[in-house]
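Have a look at the fold before reading on.

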Amino acid sequence: MRVVIYSDVLDLAKELIGLANELNAETELILAGMEPDNVVGVDRITLYRGISPEDQELVLEALKQAEADLYLLSNDRRGRELVGLLAHSKGGASIVDATSVKVEGDRVIAERMTLGGKGVAVEEAKMPAVISVMAGKYKPPEEGKSPEIIEKEAPSIERRVELVDKKEKPKVGVPLDKADVVIAVGRGFKKKEDLKMAYELAEILGGVVGATRPLAADLKWMPEEVWIGISGVRIRPKLLIVIGASGQQQFSAGIMDSKVVVAINNDEKAPIFEVSDYGIVADLYEAVPKLIEKLKR
Ligand SMILES: Cc1cc2nc3c(=O)[nH]c(=O)nc-3n(C[C@H](O)[C@H](O)[C@H](O)COP(=O)(O)OP(=O)(O)OC[C@H]3O[C@@H](n4cnc5c(N)ncnc54)[C@H](O)[C@@H]3O)c2cc1C
């Protein structure tokens with residue numbers, strides 16, 4: 001069986017190599033605009049130095065040219081975008097949000113989160129198939145075969161999309177999905193200025209601040225990069241403190257891989273307590289300053 005792997009985040013590509021090794025597949029890694037630093041466990045790396053990972057049209061074309069039974073992509077925004085397009089062009093099946101992947105004969109079986117993270121769906125498809133796999137599910141191999149490296153020119157394509165301008169996104173410090181400590185804030189905060197409590201707590205604990213969708217998307221109190229959940233970022237910190245967020249399924253689906261979850265909410269029936277290791281039923285305006293004071297001491 002042949003597997004082709006693509007991600008524009010090298011660490012995620014390495015996790016997918018870990019999965020391909022479990023499947024005992026002949027594996028090719030495709031890299032666009034990046035170097036194959038410390039990559040082991042694949043048979044071949046096809047290196048497109050002339051393709052920027054942002055150029056989805058060219059990346060798609062490069063992937064179309066690679067022949068495989070199974071295409072494994074990372075489950076980030078760009079990976080998920082490519083899944084459907086590539087599956088369509090290969091006449092195969094597509095599955096996103098996979099948490100595990102197995103192969104039986106000519107079929108691939110993937111588990112994925114469903115119902116906003118409340119359930120697990122098992123999906124089976126005939127290969128060829130294109131699957132995006134969630135981060136943190138497979139271990140990158142530490143040793144294994146050294147790959148043959150083949151360098152290729154960017155394919156020539158007739159463009160349907162023209163890049164007219166590029167703007168830098170404002171930097172938000174450590175990306176949320178890489179942070180060890182996250183403070184997640186919700187609509188329990190009454191004013192934007194009150195969020196400084198959350199930032200102070202994050203600073204003391206060496207963490208970053210994330211938010212529920214209403215705070216980022218509706219109220220625009222925070223940048224969209226820090227919105228946690230099924231339609232935002234999925235996080236996996238060692239410690240997550242959720243303050244003034246109800247814990248609706250769409251939010252909680254994004255925090256399922258967190259190690260320790262602490263929730264502060266003044267409603268003892270808030271669903272966030274069902275997915276928390278520790279719960280504090282309190283007014284955040286009383287509890288958070290006390291917590292800050294204690295931690296400072
Ligand atoms: C298709 C779809 C996709 C979505 N995707 C996402 C997503 O990715 N991420 C996401 O976050 N949402 C998402 N949502 C929205 C989601 O359903 C919820 O509406 C949202 O998560 C609620 O945000 P919240 O917890 O901040 O607000 P609320 O649900 O209003 O909760 C506020 C909480 O604060 C508590 N509170 C109030 N005052 C205080 C106080 N003084 N002290 C302590 N606690 C207090 C309340 O008890 C309440 O539990 C999605 C919705 C849809 C339909």
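The chain has 7 helices and 14 strands, where helices (H or I, at least four residues) and strands (E, at least two) are DSSP runs numbered from the N terminus. Please keep in mind that this is a predicted model: local features need pLDDT of at least 70, side-chain atom pairs count only at pLDDT 80 or more, and totals for chains, interfaces and linings use all residues. Residues are numbered from 1 along each chain as its sequence is written.

Let us turn to the sheet. Nine strands form an open sheet with mixed pairing, in the order β7-β6-β5-β8-β4-β1-β2-β3-β9; two strands pair if DSSP finds at least two bridges between them. At its edges lie β7 (119-126) and β9 (148-151), each pairing on one side only. Within the sheet, β5 (residues 93-104) runs parallel to β8 (residues 129-133) over 4 bridges, and Ser94 has Val130 in β8 as its bridge partner.

Now for the ligand. Its shell holds 27 residues, of which Gly186, Gly188, Thr212, Gly229 and Ser246 come nearest; a residue is near if its C-beta atom, placed from the backbone, lies within 6 Å. Elements that each supply at least two shell residues include α5 (213-218) and β13 (260-265). The table sorts the shell by class, with Ala, Val, Leu, Ile, Met, Phe, Trp, Tyr, Cys and Pro as nonpolar, Asp, Glu, Lys and Arg as charged, and the others, Gly among them, as polar.

| Class | Shell around the ligand |
|---|---|
| Nonpolar | 10 residues |
| Polar | 13 residues |
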